[in-house]
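Hello,

Here is the structure we talked about.

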Amino acid sequence: MKHILFGGDGFVGRQLAKRLSEEGEEVIVADIADTNRHIYAKARFIGCDVTDPEAIAAVPMSGDDMVYNLSAKMLSPIQVRAKRHDFFYPVNYDGTKNIIEAMDRAGAGRLVHYTTDMVYGHTVTYPMTEDHPVSPLGEYGQSKLDTETLAQEWRQRGMDITLFRPRLIIGPGRLGILTKLFKLIDLNLPVPMIGSGKNPYQFISVYDCADAAYKAWKAGVPNEAYNLGSIDPPPVRKLLGDLVKHANSRSLLVPTWGFAVKRTLDLLDALNMPIMDPEQYLIADEMCVLDVSKGERQLGWVPAYRDEDMLIAAYDEYRAQKDSGTGIGQGTAQPAE
């Protein structure tokens, strides 16, 4: 049996490949890039673009293999409204379809697939369980929800497919939208919040994400969807306040009228000058917290990392890169969701 990781050179994939390899499993990383091969040095790398069915067909796959789809286009870099469908769908939906069809031809019947918490849209019930209504607020979330529909169709044909819906994933090697926050804090500038900052903002560690995929394999790849997020996330005001203190910054946290800020961002988006994606800012002041207890009950998965520690670790990495004089490297090339 082999473990085949499509998008395995990416943020979560390289950590999963490393763990599986170190436990003696045969691992194939199939990706368009191999910039992180030093992390999963024991794995085999195969160049593969998931939008190309022939490239996927060239990846050796058999009926006993365990397959993971970690490939994705995410919310960074920000796209103007007219380009969002063509940006997200070729990789997120078509790529998933290509992978599943290749699995079917090879007789491989087990897949772990990552979608996103943004399939839910606005908060209806709190905390959000996996049964929360789904109503994406943009093309990214919709492209991921469409893959869940696709997965359900293939489950009915006999495949076992586990779905994961993570919150914003952070950890070493990915800064993304956090870079803007860290720059404000470094410059002692005010840090505006969308809303009062009394609502929590939940993260999930890259290591916890990789662990969830590992646990799904060990549990026999249940035909279920699971939320991935931290436990007991603190309010935004406390989360950012602790970071400002850690950075010895004089930045002030500035609450805003969330409704007015979101309408302003809507206008900029309509004018093709987005500074945030609507799927990010429209829920920024909501009680958007995932209930992750299902993963514990069914997979034995419990997140090990706290939001406060993850954010401070990300800031320390940002400072280390900046102080080294090499600039902000992979943090901007590996955008956070």
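Arg319 is partly exposed, at 23% relative accessibility, whereas Asp186 counts as buried at 17%. In this predicted model, the two side chains form a salt bridge with an N to O distance of 2.6 Å. The pair joins distant parts of the chain, with Arg319 in helix 11 (residues 307–323) and Asp186 in helix 5 (residues 178–186), 133 residues apart.

A second bridge runs between Asp269 and Arg81, whose closest N and O atoms are 2.9 Å apart. Asp269 belongs to helix 8 (residues 258–270) and Arg81 to the loop between strand 4 (66–69) and helix 3 (84–106), so this bridge ties together parts 188 residues apart in sequence. Asp269 is buried, with a relative accessible area of 3%; Arg81 is partly exposed, at 47%.

Helix 8 also carries Lys262, which pairs with Asp285 in the loop between helix 9 (278–281) and helix 10 (293–299). Lys262 is buried at 10% relative accessibility, and Asp285 is partly exposed at 27%.

In total the structure holds 21 salt bridges. Arg19, Glu23, Asp211 and Lys215 are linked in a network of them. The protein has 36 positive and 45 negative side chains, and the centres of the two sets lie 4 Å apart.

As for the fold, there are 12 helices and 11 strands. The radius of gyration is 20 Å, which agrees with the value near 20 Å for a compact globule of 337 residues. Of these residues, 55% count as buried.

Regards

Key: Residues numbered from 1 in each chain as written. Predicted model: local features only at pLDDT ≥ 70, side-chain atom pairs only at ≥ 80, totals over all residues. Heavy atoms only, no water. Helix = DSSP H or I, 4+ residues; strand = E, 2+ residues; numbered from the N terminus. Rg over C-alpha atoms; globule rule 2.2 N^0.38 Å. Buried < 20%, exposed > 50% of the residue type's maximum accessible area, 1.4 Å probe, protein only. Lys, Arg positive; Asp, Glu negative; His and termini not counted. Charge placed at Lys NZ, Arg CZ, Asp CG, Glu CD. Salt bridge = Lys/Arg side-chain N within 4 Å of Asp/Glu carboxyl O.
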